[in-house]
Amino acid sequence: MNVFLLYPDRDAEIDAPLPWQAEALEQDLGLPQVYEAMARGDKFLHGVARQVLLHSLEDVGLIRYRQAVLQDCLAHPDVVREIYHIPIEAQEKKREQWLGIFSRSPQGILSSAVDLLAMFVGLLRRLKAIADAQQGAFASEGFRRFFAMLQAELDEAYFEEVETHLRTLKFRQGVLLSAELGPGNEGSHYTLRKPRRTPRPILKQIFDRTPSCGFTIPPRDTYGSKALGDIKDRGLNEVANAVAQAADHIDGFLKLLQAELAFYVGSLNLAERIAELGMPWAFPTPTPANTRRFTASGLYDLGLALAKGAGVVGNDVQADGKDLVVITGANQGGKTTFLRSVGLAQLMMQAGMFVPARALEANLARGVFTHFKREEDAAMESGKFDEELGRMDAIADHLRAHSLVLFNESFAATNEREGSEIARQIVDALLESRVKVFFVTHFYAFAHSYAARQAADALFLRAERLPDGRRTFKIKPGEPLPTSFGVDLYRQIFAD
Amino acid sequence: MASPSVLFPPSTARPPEDQAAEPPYFGDLNLDQVVAALLAGRKPYRLQPFFYTPLHEAAAVRYRQAVARDLENDTLREQIHTFTTQMRQVNRYLRMLADLDYHYHIAGWFLEAVLRYIEAVRALAEALAAADLHAEALLALRTYLADYVRSQAFLALSEEAQAVRAELAAIRYCIHIMGDTVRVRRCQDEPDHAAEVERTFAKFRRGAVKDYRTPVYVRSGMNHVEAQILDCVVKLYPEPFAHLDAFRERHPEFLDPVVAAFDREVQFYLAYLEFIAPLREAGLPFCYPQIIADKAIMARETFDLALAHKLVAADRPVVTNDFALQGNERIFVVTGPNQGGKTTFARTVGQLHYLAALGLPVPGREAHLLLPDRIFTHFERVEEVANLRGKLEDELLRLRETFEQATPQSLVILNEVFASTTFQDALFLGRQVMEKLLALDAVGVFVTFLAELAALGPQVVSMVSTVKPENPAERTYKIVRRRADGLAYALALAEKHRLTHDQLLARVRP
């Protein structure tokens, strides 16, 4: 039995280690705000949101699969939340009724596992009922498969078979074990045997015709009783394991259901929050990684909007066919915000979600990486450039063709001549390796060197400044200008 | 006939084992760490005497080198490892018999010991017969074992043991437990209950889950309930147990002394080869040193065994070094930046000579080493508060003792001996010690911060620890004869991080 709501052919790995660049992506792209809006204070939702957003898909088909499931969820939010509640109820019941496998002896494990299974079976019956009722209402491949599977696997005959097992494992007729002589003539291979079914009392049937030998442990011989209990434990070891593992597997199935739905429930939460902010969202159109597309309208920094609790400025970009996008212009003019909106939309698209924009078509990236200037490193000036290069070194270990790297004021911890030279060598090597690059920089020498080449695969954007010096926080096409705008900022701040 | 030994040639006398003690320089050279690791898990073999007793004859070294070389064969070593594992079980079973209470329990474990012994010996004899052997010691053992496994006594032991075990193993019985009442009878093909449960729930199976099986320990005891069940089994199946009794009466003693001695002595090689295997896997070379009569020692791509053991375990790279004395060169004077591998280099030279004298392969691609009559080490120590004599005085006293005992055949290793005195004193004392070393004509290593000592004559070879030219903060752990110079900063840093255009281009995967 499989959930398969995140992938058509495999389980989600909710405990998978986060990708190597996770921490930098979160810090640079404002992901924590997005997690919080998805989680609404729920730790589990938070964790799943994090996993799914950071583990980007690299296949257009997979993204469409999730988009369809998410569209079903947006159309039937109540049903989805009802299903999501079933695994939660399983965990609550375990806690409230002290169900769980805490014993260490096979006899104890067996009896608690039987109780636990009985509880799970009740919940599975409910899940099956929802599938029966909703099967026609859902359109996505993911949900249709899921409901059909529940109906096929969990029919009435199966529930009866399970309940018969749960009854016989109470051993009202005693325990029958087979054994062999192991090394030292010690009993070994103790195996629980299912007595042959018979209308007569079981003891009689077993022992009537065959020679046997026996004894009874005297009432006061507690050591003997314990020794006999040990033999029973060894005989029940396998069956206790089988039942306990069955309980674990069902528990695992329910947990996986919870985990996979958590992503969609989180997405529902986020869509509702975005609507409250009066901002748009849209399902993006992904294109394969070896294409170069980036056309967005109304693309905005969702993290910033969530943090402010208000609407923010969006940008229109036309960067189809571009390998390199260089963003220059006024300080505090929205360059970093724009870069964040690009990275976040890319990650959300590759998680199968809607994106914060009116529309987006973009090629998939084989890994999104950020290399942002780190303010907090200012203290150790001498090692800062080394540290910057060190981070780039680490990124280089993970780069593949068609990765996407977002640079923000990188390699600026040294003088402009040296920094430009290093940046140029790095970006050249990346472009030649078919890595897609967005680079925010105030290094004119560096930015201009690309503009001067007149390459068709490069796009230049500039943070807009109005003639009176005010900023619009809009990013518009425009080649780098030889001066920066720090002086403006200075005037504005020290206006009086 | 003399029992063949894999450690000592038949012509030489075995050194008495009870007098062997850890050599005084073990701690300085970190050989204590190496030997502790070698002994770990091999306590019952009492291998310390072998590792504490270096050889002094080249022929004896070559006798062992030949054995070690033959044991380099993975197949043979694996086979011998299997043999020793089985012998360990044999001995454990035999020791256990005295502690057991029930007749057929004891008889059962005795049978198990015999079976394991037969299996072990036979496999060893076959392995040696098939192996491409060159060592005198192993060839002698091969002949001995070939005769032994064909002997009438061994063949009878083997056939009878297997017949009895087969009869016992064929027994199946069923136990019905109802409350405190137990009945034992023959089985009637009742189905396995656990398998049925598993089948029912198979559809939920996904990946690995916890294993709830309680571990069943192989116990050396049998309680009275198990014994009563066994009594019932004996009643249901009397014949196999009668055969077991008869077998035990016929074969009270069965262990061969030569087999037992080999089981112990071969551990000396297995321990070492096992220890160096992960290092070799990490690409570090080992070689069989040539024992030289003069003092032109040399090694290529050698390294500190104790340090390499730690680094490889932590998946960190190991730096190798070369050294060589030619003609009348005698002393390496090692100077250069701290934390640059100077002490490691000094240890390496000492370790190499000791390991060579044990007859074992040593770290390095190639090595020519001498067999020192003694090894002397002086490493700067943490000061002992209780010692009322000054530290310097103590050092000088120990040095005097060394020079009284050392001969031209000794190896002397000095590490920052005068680091705690004034520069003037250190220079003066260092010169004096160097003069004495040179006069002694022994081979030595002198690690010092006194660059002046490196230029005291043609017998002195100057070695320097080095840093990365492009990044002076970084050590290379290379010890070489000369220094290199620096590079321009920014590009050099980019180069260090492999981020220049050409370097980066080669790194991005397609």
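Mentor: Two strands pair if DSSP finds at least two bridges between them; strands (E, at least two residues) and helices (H or I, at least four residues) are DSSP runs, numbered from the N terminus. This is a predicted model, in which local features need pLDDT of at least 70, side-chain atom pairs count only at pLDDT 80 or more, and totals for chains, interfaces and linings use all residues. Residues are numbered from 1 along each chain as its sequence is written, while chains are lettered from A and ligands numbered from 1 in the order in which they are written.

Trainee: Happy with that! What is the order of the strands in the open sheet of five strands?

Mentor: Start where the chains meet: strand 1 (residues 175-181) of chain A and strand 1 (residues 172-178) of chain B run antiparallel and are joined by six bridges. Within that pair, A:L177 has B:I175 as its bridge partner, and A:A179 stands opposite B:Y173. The pairing in the open sheet is antiparallel, and the order of its five strands is 2(A)-1(A)-1(B)-2(B)-3(A).

Trainee: Which strands stand at the edges?

Mentor: Look for strands with a single partner strand, because one side of each is then left without a neighbour in the sheet. Those at the edges are, both from chain A, strand 2 (187-192) and strand 3 (212-216).

Trainee: Which helix packs on the sheet?

Mentor: From one strand to the next, the twist averages 25°, where axes are lines fitted to C-alpha atoms, for helices over the stretch in contact, and angles run from 0 to 180 degrees between N-to-C directions. The helix touches strand 2 and strand 3 of chain A as well as strand 1 and strand 2 (181-185) of chain B, contact meaning C-beta atoms, placed from the backbone, within 7 Å. Its direction makes about 30° with that of strand 2 of chain B, and the helix is helix 9 (residues 224-236) of chain B.

Trainee: Now the interface. Which helix of chain A gives the most to the side that touches chain B?

Mentor: Here 85 residues of chain A are in contact with 69 residues of chain B. The chain A side divides into 42 nonpolar (Ala, Val, Leu, Ile, Met, Phe, Trp, Tyr, Cys and Pro), 23 polar (the others, Gly among them) and 20 charged (Asp, Glu, Lys and Arg) residues. With 23 residues, the one that gives the most is helix 10.

Trainee: How many residues has the largest nonpolar core?

Mentor: Such a core is a set of buried Ala, Val, Leu, Ile, Met, Phe, Trp, Tyr and Cys residues joined through C-beta atoms within 7 Å. Those with the most contacts inside the largest one are A:A113, A:V243, A:I327 and B:V334, and its residues number 272.

Trainee: And which helix gives this core its largest share?

Mentor: The share comes to 23 residues. The helix spans residues 222-276 of chain A, and is helix 10.

Trainee: Is A:A90 buried or exposed?

Mentor: A:A90 lies in helix 5 (residues 77-96) of chain A and touches A:F120, A:L123 and A:L254, not counting residues up to four places away in sequence. A residue is buried if 20 or more other C-beta atoms, placed from the backbone, lie within 10 Å of its own, exposed if 12 or fewer, and partly exposed in between. A:A90 has 24 within 10 Å, so it is buried.

Trainee: What separates the C-alpha atoms of A:A90 and A:F120?

Mentor: Along the chain, A:A90 and A:F120 are 30 residues apart. Their C-alpha atoms are separated by 7.0 Å.

Notes: Contact = placed C-beta atoms within 7 Å.
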